[in-house]
Amino acid sequence: MKFFIDTANLEQIKEAQDLGVLDGVTTNPSLMAKEGIGGEENILKHYKDICDIVDGDVSAEVISTDYEGMIVEGEKLASLHPQIVVKVPVIKEGIKAIKYFSSKGIKTNCTLVFSVGQALLAAKAGATYVSPFIGRLDDNSTDGVQLIEQIVDMFEMYEFETQVLAASIRNTMHIIKCVEAGADVATCPLSAIEGLLNHPLTDIGLAQFLSDFKKVNG
Ligand code: G3P
């Protein structure tokens, strides 16, 4: 399973990259705003900066909600850097735009997916990734991981090449459950990635090893 980091924070992206396990980055307009990145020039520069840090795919989201606007924006984003994946919401115009981008060989990430039907349309349009938001489903008393399972099964059954990118991940158990469900990618906050390291028995065991070493080595 690939690990993407879900942030526009350059320090956190560097930290995850330094860990050596990072396969890409996802951003969205809220994450960009959180870093105070505004204005077209700054936004485009920020995406470039992210691409310079990581080796893998970097999702950059369009703001337009009409087909023509999405095409203009998406083409500009894609021309920025070969690692850019154009992130498009799963609305009617978005599906048309994904079809267009796919015909031009531009990678896409279909976002705000909350149902199997939405994932089906995105895959049929040729999306590179679909992003089901599991945390937000859980927030609404619906099993987010179950949606991942359903989409993974559907893509296998019909041999879609679209990858399932589990998004809106909040904690380590979400990641583990996504592994079990067969998600291709999990995009996570740094805290959830690093949280996978946590185990009290590791800490206790390491402390014991070091103290035993000290007994005979001073
Ligand atoms: O990239 C979009 C997604 O991961 C959002 O997560 O925590 O705002 O639901 P969250």
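Guide: Before we begin, strands here are DSSP runs of E of at least two residues, numbered from the N terminus. Please keep in mind that this is a predicted model.

Visitor: In which strand is D57 found?

Guide: With strands numbered from the N terminus, the run that covers residues 57–61 contains D57. The element in question is strand β3.

Visitor: Is D57 buried or exposed?

Guide: The relative accessible area of D57 is 11%, and buried means under 20%. D57 therefore counts as buried.

Visitor: Which residues touch the most other members of the largest nonpolar core?

Guide: The largest nonpolar core holds 62 residues, and helix α8, spanning residues 144–157, gives the most to this core, with seven residues. Apart from this core lies another, of seven residues, among them F4, Y129, A167 and V185. Within the largest core, the residues that touch the most other members are I148 and I151.

Visitor: Which residues does I151 touch, not counting those up to four places away in sequence?

Guide: Contact is taken as heavy atoms within 4.5 Å. On that basis, I151 touches V113, S115, V116, A119, V130, P132 and V164.

Visitor: How many disulfides does the structure hold?

Guide: A disulfide needs a pair of cysteine sulfur atoms within 2.5 Å. For C110, the nearest cysteine sulfur is that of C178, 17 Å away, and C110 is buried, with a relative accessible area of 0%. C188 is likewise in no disulfide, with the sulfur of C178 nearest at 7.9 Å, and C188 counts as buried at 0% relative accessibility. The number of disulfides in the structure is zero.

Visitor: Is S79, in helix α4, buried or exposed?

Guide: S79 lies in helix α4, which covers residues 67–80, and the C-alpha atoms of S79 and F155 are separated by 29 Å. The relative accessible area of S79 is 61%, and the cut-off is over 50%, so S79 is exposed.

Key: Residues are numbered from 1 along each chain as its sequence is written. This is a predicted model: local features need pLDDT of at least 70, side-chain atom pairs count only at pLDDT 80 or more; totals for chains, interfaces and linings use all residues. Side-chain values use heavy atoms; hydrogens and water are left out. Buried means under 20% relative accessible area, exposed over 50%, partly exposed in between (1.4 Å probe, protein chains only). A nonpolar core is a set of buried Ala, Val, Leu, Ile, Met, Phe, Trp, Tyr and Cys residues joined through side-chain atoms within 4.5 Å. Helices (H or I, at least four residues) and strands (E, at least two) are DSSP runs, numbered from the N terminus.
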